[in-house]
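Please view the sequence and the structure before reading on.

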Amino acid sequence: MMKILVTGGAGFIGSNFIQYALEAHSDYAIINFDKLTYAGNLENLKECESSERYSFIKGDIGDRKLLEGIEFDGIINFAAESHVDRSILDAQPFLETNIMGTYNLLEVARQRGCTFLHVSTDEVYGSTEKEPFSEDSPLMPNSPYAASKASSDMLVRSYMETHNLKAMITRCSNNYGPYQFPEKLIPLVVLNGLNDKPIPVYGDGMNVRDWIYVVDHCRAVDAVFQKGSVGEIYNIGSRNECPNIDIVTIILRKVADKRGLDEESLLKLITYVEDRKGHDRGYAIDPGKIEESLGWKPEMDFYQGIEKTIEWYIAHEEWWQRILTREYMRYYDVQYGERLKG
Ligand code: NAD
Ligand code: TYD
């Protein structure tokens, strides 16, 4: 049995990863180590709780003592503060978790001599409107979130070079799918479309993102953990670049169809608002290396993935209603209150 410490396993990608990995590998035992911040939700893992190969420990990746008392053979680090807009409002938790927390995990991995897979993001490369980023592209982070992730990537690199840590880094594009916290663009548009609320589109809506279905990302992380070469970085993406306004329109048309409404009644909810500060114009990533060296490729067609995602949110109203609490609405008000007033 391979005992894997999955940090941030109660978040969006971590919980999808745990569900996927427990099903795909009968020889994996997973310890979900998560602080349960606003983004962590154990309801995401209800189906795993009956498995003897799943356990949960509530903790902060910055807590060395707690981590030292846990037995495991490898670490997959998903734990992070993950939302760019929140990093603009307050960068501190990003530095604490994404930098200092990763440093702490690296120390624990070094003491154990265990494998460390660091889950990072294409946002460390900054913005591109032409060529997709390769693993050799320079790191040019533009948001406090991206800078904190780039810093953690650099720390991982230094532990590989200095301490021969058996580490690998993955850098993925924008994920979407079930269990994504409603602050991110795609679930926000789905929920506001279901609730007839204004859809805030930053700037001119022409910023481009590459959207990948979360399970495709999970399969890629798993492939790197199993077969990746120590010391390597793997870009993960779907070659599915699309301007935000097109994504918003596709979603609203589908939501209108599901609700039996005419498209116009939802499209008119689109509200152009003040742009995000430092807003990266475009992300695009070349996943050629992981495709060629590990035989991974994205499988989900975007339109099918979006359909599945919308259906999931419609079928799981209890899940998101519980999230739309006072705490989330306070954030929503700070982030959008003035913007939506125009
Ligand atoms: P998320 O915000 O949904 O989940 C983060 C999880 O980490 C939560 O469960 C939270 O409770 C936990 N956490 C936060 N601070 C912690 C700490 N100090 N100790 C322990 N647990 C802590 O994020 P996500 O979208 O699932 O992203 C997961 C990882 O993937 C992050 O490292 C992120 O940078 C990376 N990533 C995300 C995307 C994306 O599109 N969402 C794309 C590429 C890479
Ligand atoms: P987001 O989901 O926050 O991911 P990231 O910033 O990590 O790419 O945003 C995706 C894109 O959507 C990004 O260009 C910002 C834009 N956006 C809006 O236009 N309105 C919104 O309310 C949000 C949350 C994002």
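## Ligand surroundings and cysteines

N244 places a polar side-chain atom 2.9 Å from an oxygen atom of ligand 2, a polar contact being a pair of N or O atoms within 3.5 Å, where within protein one must be able to donate a hydrogen and the other to accept it, and residues adjacent in sequence count only if both atoms are side-chain atoms. The model is predicted: local features need pLDDT of at least 70, side-chain atom pairs count only at pLDDT 80 or more, and totals for chains, interfaces and linings use all residues. Residues are numbered from 1 along each chain as its sequence is written, chains are lettered from A and ligands numbered from 1 in the order in which they are written, and side-chain values use heavy atoms, leaving out hydrogens and water.

The table lists contacts of both ligands.

| Residue and atom | Ligand atom | Distance |
|---|---|---|
| R209, polar side-chain atom | ligand 2, oxygen | 2.7 Å |
| Y336, polar side-chain atom | ligand 2, oxygen | 2.7 Å |
| F12, backbone N or O atom | ligand 1, oxygen | 3.0 Å |
| D60, polar side-chain atom | ligand 1, nitrogen | 3.0 Å |
| N175, polar backbone atom | ligand 1, oxygen | 2.9 Å |

Taken alone, ligand 1 exposes 840 Å², of which the protein buries 97%; these areas come from the Shrake-Rupley method with a 1.4 Å probe, and for residues only the protein chains shown count as cover. There are 28 residues around ligand 1, and I13, D34, S82, Y145 and K149 come nearest; a residue is near a molecule or strand if one of its heavy atoms lies within 4 Å of it. By class, this shell has 12 nonpolar, 12 polar and 4 charged residues. Strand 5 supplies its largest share, 3 residues.

Around ligand 2 there are 19 residues, of which E123, R209, R276, H279 and Y336 come nearest. The shell around ligand 2 comprises 8 nonpolar, 5 polar and 6 charged residues. Strand 8 gives the most to this shell, with 3 residues.

How many disulfides does the structure hold? The structure holds 0 disulfides, a disulfide being a pair of cysteine sulfur atoms within 2.5 Å. C218 is in no disulfide, and the nearest cysteine sulfur, that of C172, is 9.1 Å away. C218 counts as buried because its relative accessibility is 1%; buried means under 20% relative accessible area, exposed over 50%, and partly exposed in between (1.4 Å probe, protein chains only). C114 is buried, with a relative accessible area of 5%.

Notes
Helix = DSSP H or I, 4+ residues; strand = E, 2+ residues; numbered from the N terminus. Nonpolar A, V, L, I, M, F, W, Y, C, P; charged D, E, K, R; others polar.
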